[in-house]
Amino acid sequence: MKIWVTRHGQTDLNAKRLMQGRSDIPLNEKGKSQALATAEKIGNVNFDAVYASTLDRAIETAEIIGKVDRSQIITDERIIEADFGKYEQKPYLGMGIEMNLYWMLPEVFKAPESVETTDEMIKRVRSFFADLEKKDYENVLVTCHGGIIRVIRGYLENAKRGYVWRPKPKNCEIFVYESEGSGYRLVDDIMC
């Protein structure tokens with residue numbers, strides 16, 4: 001199985017450098033262009049299934065890159081973005097030291113109160129893949145968000161901490177993994 005993992009295209013909150021989390025914001029024009037450019041770059045890949053988080057920006061990106069109608073997308077809350085709690089829609093640089101340190105170095109600093117922890121994110125990603133790995137797909141597209149992709153990459157790359165935090169995924173960047181033995185290997189990293 002090949003698993004194509006991508007972050008949604010740009011939204012207005014991304015452009016304003018605000019923590020987006022679970023705010024359900026659509027793609028802006030640049031985000032739509034990013035998704036179209038990525039779809040062109042990968043060509044005519046036939047996805048057996050297209051998964052997306054339940055947030056519109058991920059679903060819209062999945063439609064464009066997966067070349068499918070919204071009704072064909074399998075939405076799953078387990079791949080939704082991290083819950084940023086009281087930091088939702090706050091400027092990246094105006095969140096305060098506690099949140100800034102956690103989001104830069106979660107391996108050192110704890111999640112502030114009201115913010116989802118990396119352990120909670122790891123638990124839901126493992127649950128998602130336990131179900132996905134039962135399927136007999138050749139190619140599957142998973143469209144989600146920058147925070148949760150760090151944990152998805154950790155799962156697929158068997159990272160000791162359970163996540164690959166840096167570098168952060170770019171809008172519409174696709175990480176392509178191929179199953180190999182009992183694990184996965186990264187076979188491509190496609191930028192839009």
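A crossing of two helices is left-handed if the near helix is turned anticlockwise from the far one by less than a right angle, and right-handed if clockwise. By that rule, H5 and H6 cross in a right-handed way. The model is predicted, so local features need pLDDT of at least 70 and side-chain atom pairs count only at pLDDT 80 or more, while totals for chains, interfaces and linings use all residues. Residues are numbered from 1 along each chain as its sequence is written, and side-chain values use heavy atoms, with hydrogens and water left out. Helices (H or I, at least four residues) and strands (E, at least two) are DSSP runs, numbered from the N terminus.

**Helix H5 with helix H6**

- The axes of H5 (residues 118–132) and H6 come within 9 Å and cross at roughly 60°; axes are lines fitted to C-alpha atoms, for helices over the stretch in contact, and angles run from 0 to 180 degrees between N-to-C directions.
- That angle makes H5 oblique to H6; under 35 degrees counts as roughly parallel, over 145 as roughly antiparallel, 65 to 115 as roughly perpendicular and the rest as oblique.
- On the H5 side, Met-121, Ile-122, Arg-124, Val-125, Arg-126 and Phe-129 are in contact (heavy atoms within 4.5 Å) with Gly-147, Ile-148, Val-151, Ile-152, Tyr-155 and Leu-156 of H6.
- This contact of H5 with H6 has nine nonpolar residues, one polar and two charged; Ala, Val, Leu, Ile, Met, Phe, Trp, Tyr, Cys and Pro count as nonpolar, Asp, Glu, Lys and Arg as charged, and the others, Gly among them, as polar.

**Helix H2 with helix H3**

- H2 (residues 29–42) and H3 (residues 56–66) pack at about 30°, with axes 8 Å apart.
- H2 is therefore roughly parallel to H3.
- The crossing of H2 and H3 is right-handed.
- H2 contributes Lys-32, Ala-35, Leu-36, Thr-38, Ala-39 and Ile-42 to the contact, and H3 contributes Glu-60, Thr-61, Ile-64 and Ile-65.
- Six nonpolar, two polar and two charged residues make up the contact of H2 with H3.

**Backbone details**

- A cis peptide bond, with omega near -5°, runs from Arg-166 to Pro-167.
- Pro-167 sits in the loop between H6 and strand E5 (174–180).
- Ser-114 is a residue other than glycine with a positive phi, near 85°.
- The loop between H4 and H5 holds Ser-114.
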